Structures are given as C-alpha cells and as structure tokens.
Amino acid sequence: MAEYDADVIVVGSGVMGGLTAYTLALQGKSVILLEAGPRVPRWKTVERFRNLVDVTDYNAPYPDLDYAPRQGSVDYIQHTGPVKFGAGFLKLVGGTTWHWGGATWRFLPHDMKLKSTYGVGRDFPISYEELEPFYGHAEREIGVNGNSAYDESGRNGGKTFPPRSTPYPMEAQTFNYMNKTMQQTLDGASYWTIQEPNCRASRPYAERPTCVGNNNCMPICPIGAQYSGDRHVTRAEKLGAKVIPGAVVYKIDKGPGGKITAVHYLTPEGETHQLTAKAFVMAAHALETPKILLMSDVANSSDQVGRNLMDHLGFNLIMTSKDALWPGTGPVQQNAILNDRDGPQRSHYASLKHQVGNEAPNVPVARYLLGKGVLQPQLDEQIRHMSARWMNFNTNLEQLPDPVNRIKLSPKKDKLGLPKPDVYYSVGEYEARTQAKVINETYPAFQRLFGGTVLSIVSDWQPQDHQMGTCIMGDDARTSVVDKDCRSWDHSNLFIMGTQTLPASSSVNPTLTGAALTLRAAAILAKEV
Amino acid sequence: MGRSMMKISVALALVALSAAPALAQDQSEIVRGKVLTTEGDCVACHTAPGGTPFAGGLPFKTPMGTIYSPNITPDKDTGIGTWTDAEFLRALHQGIGKNGEHLYPAFPYTSFAAISDGDVAAIKAYLFSLKPVHQQNTPNEMVFPYNIRSLMIGWNLLNFHPETIDPVTERGKYVADALEHCAECHSPRGLTMGVESGKYLAGATVDGWTAYNITSDPDHGIGTWSVDDIKTYLKTGNLPGKAQAAGPMGEVIVNSTSHMPDADLTALAEYLKTVHGQADGAAGRSAMGGPVGSGEALTGYRATQGKGASEGEVLFTAACSTCHGTGGAGEGSGVLPSLYHNSVTGADTPNNLALAVLNGVKRGTAFNDASMPAFRDEFSDEQVAAVTDYVRKTFGNAANPITVQQVSDLRNDVTPPAAISVLMRWAEIAAGIVAVLVVLAIVILVLRRRRV
C-alpha cells in the first residue's frame, strides 16, 4: 500500500483548484481533487437555463443541494451584520466561474501597496514586479483577450500600464455599437474608457470556440467560448488527476511538527472517508475555505481566519439615454471607465471602476414598465423604445480589509450536520464617503453627457460576488494567515489558493490575481512533493 | 585601408557579383518550390502535433505497428541534409529511400511519381532552404513481417503504375493527381488496394471519415458546383448552402489549398468538372433537407421539458442550436453552417457528422476562423449517436443510422491525418502477400514430401 493516497489533495475544483491540480499533474504529481458538488455538463446547464421561469436568476440553472448549497440557497448563510453579504458561489465541478462576466484584470502596483502608498488598508507581501510573470502565465492559461497597449490605470498618459512582459494572448474583441458610441462621448469629456480584459475567446483558443456574442455570459456561456474552471479540471484529469465529486470536506488533521496529515470528507449519503497526502491545498472559495479551517482549528494562530471579508461594493445609476445605443449585442460586459481607479485621492476615497452593462435589457425594462402600470397597446412599443436606450452604470468600489467583517461558525447545522456559515458584514466610512461623492458628482455628469432620464439610483450595496480576504496574505505570521507563497504560516504543507488570500481588493475583478498567485504557489509546491 | 586589404575587398566584391545571378536563380527556385511543397501538403504528415514544421515525428498507428514520419529539414544528421538530388528524386518517383530501402506508401510516391523532375528539384531546393532542425527520427515500430521493407516490391508490382502528366498542358490533372494527390483519399480501392479502375474520385472511407464522391456527377458528385464554388470551397473550406470542411479535408484546406495560386486553383476546379461522373454515395448530399419549424428563439419558452422530446432533440437544443439555430439555419455566412443543404448531414454515411461532434472543427484560414467545440468529453457514445441521428433525420439524410459501437470506434481512433489509410491499405495487402507466400510454401513442402 502506498504511503499516501496522493502527493497532493486539493479541496475545491473551481478555477483555483483546477489550475493547481493541472500544474501539479503536469509535473507528474498524483493529485486528488475533492469537490463538494456534483459534475454537470455544460449542455445540461444550458437546458436548465432555457427552461427557467426567471431567466435573470443567474444561480437558478445550477444545482442547489442540501449537502452542497450554493449562492442563494435558502437559510444557508446566517447574516448577522448590518449589511447583507451576497456571497456568490456555485458548488459543482468547475466552480463559480461557470457564471461570471469573465473580467480578468491585473491589479496595479499601487493596489498591491495600498498602505505604504496611500496610508490605508494593507499591503500585499509581494510586489507587482514579482507577480508580473505569473499574471502573464495566468492570462495564457485562462485565455484572456485585451489590448496590450492600453493604460489600465487611467494615470499613465495613455501608455501601457501596468507594465507587462508578455502581451495579451488574444487580441481584444471589437466593441459593439453601444460601446463605440459611448466611448466617443466619454472620451470627448475626458473620461478614460477602455475595453475590459476578459476571458472570452476572440479567436479559437485551446478547446474553446470563438465568442459569437450570445449575450449570455451569465448564467452560462452556451458554447464554452468563455473560460470556466472546469477546463483545467478536465485537463488535469487527462494528466491523471482524480476528481471526486460529492466529497464534502469537514475536517483537516494536524500531525507532528505542524504538518497536515489528512482530510476527511462526507458523501451526500453521510459516509465518511479519510485521505492522506504529502501536501494539501484549500481552494474552496472565500466562504467555505475559512469555514473548514475554523471547523478543524487549523491555520488560525493569528485569529485572522475568516476575518477581513471584502467584496467590491456595487451600486448603480439606471437611466435611458437620449439617443438609441442598442445595448445587448455581444458579451454582457465590455467597457470600463477608469478615471478614479488610482490616484492620491485614495487616501480618502476608494478606488472606483464604472462600467455600463451590456445585458439585453428587455426583461428589466418590462419589469420597470409593468411596475409603472403601463399596459398594452403601449407596453410593447415602450419596451422597444426603452430597451434601445437603457443604460446601467454599475460602479465597483474598493473595500478595505476590516477584521470585524468575518465568517464564523453558526450554531445552526446543515443537512450533513456541519455548521452553517455566520457572516458579519458592514461597510465603513471610507467606502460610504466615496459612494456619496459618486452619486453627487459623477452620476449627474454621466446623465448630462448622454442626455439621460434617470430611472433609479440604487445606493443599497449590491454584492459583486468578488469575495476576498478571509485567509489573508501578509508578511507577518501574527497578523496574516498565509505568506506570499500562499503557504499557511502554521502548517508548512498547507496552501490556500484563491482570492481569499488577497489583502486588498482594488476595484477590479480579482480572479486573475488569485490565479497568478495560485500558479506561482503551485509551482513552488510542485518542487516540494 | 591597406593595399592588400583593398585587393581582397575588390576580389570579394567580384566574387559576390558573379554569384549574384546564381543566388537570384536559387531564390526563385526556392519560391517556386515553396508553392509546390504547399500544394503537395508535405507539412501535414511531416510535422508532429505541436512540433516544428517538416521535422517529422507524426505517428501513424496501425494494427501492424506504428510508423513515424521522418524529419525532412536539411539537418545533416537527422534530416535529409546529405541527400543528393538523385536520391531525392528517386524517393518521390520510386518510393526508395537514401540507402536503397523501400518506403512505405504512407508516403504517396504513387502520386508524386508524376511530379516533373524540375518541380521535384524545386521542392528539394525549398526544403533545403529551411532551417535545419536537429530532431532524431523515431524508429518505426512495425511488427514482423511488416517490418520487412522489401515486401514493398510485391506491393509495387501490383499497385504502382506511375503515369506521366504534362505539368503545363494538363495543369488541372497535374495539380489534382501529382501534387495534391486527391485520389489517395477520394478514390476507392479494389481488392489489390490499388485505385479501383473506373472509380476514380468516386469516394472512399479514410480513417473513419468519408472522403466524398468528387466526380462531376450532378447527383452523387459535385457536378452542380460551379468552378467558382469549387474554388471557394478549396480556398475557405466554406461553401454556404452546400458544404463545410472538417477533419482531414479541413487540414488540406488550411495547410494547402487555401494558399494555392489562383491559376492552379482554377485549373484544379476546371479539371474536377471534367472527371467522369460516378453514381456512388448519396444522391444530392449537399442539397438535402430544409429549414425545420419556425426557428423560434429559445429564450422565454419551455424549450424541451414536458414536450416528450427525444434524447437527441434535447441534446441538439441544448448543445447545438445556439450556433446552428433551432431550425438548423446557422447564421448565413456558413461559418456557423446550416445543418440542411450541408454535405455532412446529407451524406448516406453518419460518420463525418459524428466525428465533427466528437472532435469539433478547427479550420482557420485567412478567410474565416471556423471553430466548433469538441463534445467528446461532454457526451457519452450513446449521446453522440442520439444527437447525430437526430440531426441527420431532421435536417438531412436518415439512411444508415449510426450505432453506439460505431461512435465508440470513431472516438477511440486517434484521429490521424489522411495518409494513414494508405498505409493501412498497404499493410492489408502485405498481409495478403505473406499469406499467399505461406500457403505456397506449405503446398510446395507437401508436394515435396509426397514425392519422397
């Protein structure tokens, strides 16, 4: 009998777990990938989506199981703070990137040195320069399209920034009519509008066909042109990795010398299993990873496990433009307005990313009109009129890490008898101040530029499903959970992969940064087992 | 500059001047050779997946063992850098290697024998202009007796009948037969595995793919295609409302015919229009079927649930209709093709459609970048069979429904380039020859014993 069940056991089969398993399997390591949820093929999700009553519920096509509850599962998360935390996560092989906008940004050097540059938040224990090659690696693995000449900071005089040693692996997709028109108007008013880098194939890439603009990136890309985490899981399997769906990890064993020795999991039927390995990787999302660590009293000598929960704080301006812009052709999100992404104001105001959504708006338009009591024969005509002019300015705001925002174990238990997550979530003065400034200054400017009629300004914080910080990275074992290699300070053979390690949230989507840190850490781990 | 240095410089300049015309001539020979090499599609077989072009190493798996294409870059140790012009010509014209060994007809010398001496020289000039790649040839792994190359003498006697084609006055035939070696795949083979006489380009099965009837027969061949239609297909792989290429033919288009000089393409197309018509295969394969239903958009209505839809329809609706349309119309330009008026669904064999489902389509040319995802990881054999049959029945030709076993066989064959089939055919006949020899030997032995 082999000494271990595998060289490495990876908990979680999303994009981070998949990249880790793939990297290790490529080096000839034996890997077992444990996934709480089931395996569902793409076509099945498309089928479920098309048979939905409410097609705007992005979670509805995905399994919500009593042993593997997902985002929106009734009474799973116990909200105890002043703000409801809308944790976005799916539980199935491939993870939450089955439904996402596919935005794959790099952080800016200042995003990673927020404390030392602007005196707020925390610093990454790694510099942009040190992570840069892994950003490139992650872009090639995930298959990202973008414009390598863009200034993504809005602060570099239009020249490429942040610096990149390798170009985007695919050229940027072309802008649709709405984005082209909008960009001209915004640029004319000195707004810095660019194409958002994203993981839709702008040409055939690896297994993926070219995006043909189904405008269905969420809840499911029906043709697989957009990257999803199952891609690397499948590749890892072809290299020999073993995937076990329906494996709900509930306990991690510590052995002599602080080494982790085993993980235990429950099957949907409640059977228990134990697996041993030389090293362990927790890649079970920013919510479940700390929950499992807390349940096992592992990696928490700093008392930071589960704390510093961050998301991008979202709010938006919905209006109709004077001229028809025809949103809804092509991918669901394409642009970003970056004037306030970086700059000295960050000492007092949070970093911001504004974006005009490109979802086909006929459903929200119809809801709005029905809510106003508009009926036939006017209804159809007004749906057409408004759908062509609908503008949804969505703002993402950087949240600072705050230890009070945290995940704890609730006394309430799920079907398998495991504690449900208790989430305390609040928003600080820094963030609230920034939102007020946007609503008072920026939104009226957008309205004037497009001759808009404001329909609503939604200032309630909207979850962006970008949870970060709950296994925070740092350079001090007393104040952080992992070091810059994603290695637990407490257990040398335990790695934590994913956006839960990010110590600062920036205002851009965090997956690529999580992936770059993961690929870097996986390469280190591969040398040790 | 000293006097002697000056002398040397002048001398060097003179040498350079006198060499210039020769260099220019070499250069034009290389340019011509590049065109011919592309038309012969040498790169397809002489490149390993992800490997350096022309450095060889592509495996051809057969029940008789595995053969690997050799390195044909001009590396002196591992490539053909030490081959003389005569040796190179002998290989292409007679199927004999540098050391006098017989080559396997995976290498289509049976066709290349008709390439003119001058064109062979140009091909060699081009190959010798490439950067030498030091990459050892992988030794073939043929099992006894197929590792005996001299068996090829027997095969050649039966099957190798080189013809002479005038590269100028018979340009279209020359491009089709000598360079592009179309008949290697598109002509059926007889008992001796030579091209069946009178069935030239009437269609055949190659590595699981049907290479269709491309004779001028209006019903069974491509007689209804205009010269421009044929040219469009060979240039882009996409002839909307008739045919789109995938698999080995897609490779031929990507590597070879999409780069062909227009004059040669025209000559080839005009020649195919003159090829004697054959009534083999399905009648009207590129005109079968028509739009189905209203093609109503799927969003907002119950697509399949509770309708008693078959598994094939459910899979089609979920996995295929996004690009091909619920009514099968595609998007018009043919890059996302219609499923009716499509030779793959209209053919009387289901295999090309099943292979496209299993392996997807990647056909990138300067004209379009067609890409269909592969469903081999997502669909079981049963599901591939169900969706294949549903699509053929609904939009094309319902004849010969596919079996699950057929799908399994298609799935498990590593999809090799077209040339493998030639080797397979040879291997089969070699086995036949051996069998005949063994029987003869036994008969002789028995007769001798009786005499004793």
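**Exercise 1. Determine how far strand β1 of chain A is covered, and which strands it pairs with.**

Step 1. Strand β1(A), residues 6-11, is mostly covered, since six of its six residues are buried, where a residue is buried if 20 or more other C-beta atoms, placed from the backbone, lie within 10 Å of its own. Helices (H or I, at least four residues) and strands (E, at least two) are DSSP runs, numbered from the N terminus. This is a predicted model, in which local features need pLDDT of at least 70 and side-chain atom pairs count only at pLDDT 80 or more, while totals for chains, interfaces and linings use all residues. Residues are numbered from 1 along each chain as its sequence is written, and chains are lettered from A, and ligands numbered from 1, in the order in which they are written.

Step 2. Two strands pair if DSSP finds at least two bridges between them. β1(A) is joined in parallel to β10(A), residues 272-282, by five bridges, and the bridge partner of A6(A) in that strand is A277(A). β1(A) is also joined in parallel to β2(A), residues 31-35, by four bridges, with V8(A) opposite V31(A).

**Exercise 2. Characterise the side of chain B that touches chain A.**

Step 1. Chain B has 17 helices and nine strands, and 47% of its 452 residues count as buried.

Step 2. In all, 23 residues of chain B are in contact with 20 residues of chain A, two residues being in contact if their C-beta atoms, placed from the backbone, lie within 7 Å. The elements of chain B that give two or more residues to this side are α12 (311-324), β8 (361-364) and β9 (369-372), and α12(B) supplies the largest share, six residues.

Definitions and conventions
A residue is buried if 20 or more other C-beta atoms lie within 10 Å of its own, exposed if 12 or fewer, and partly exposed in between; C-beta atoms are placed from the backbone.
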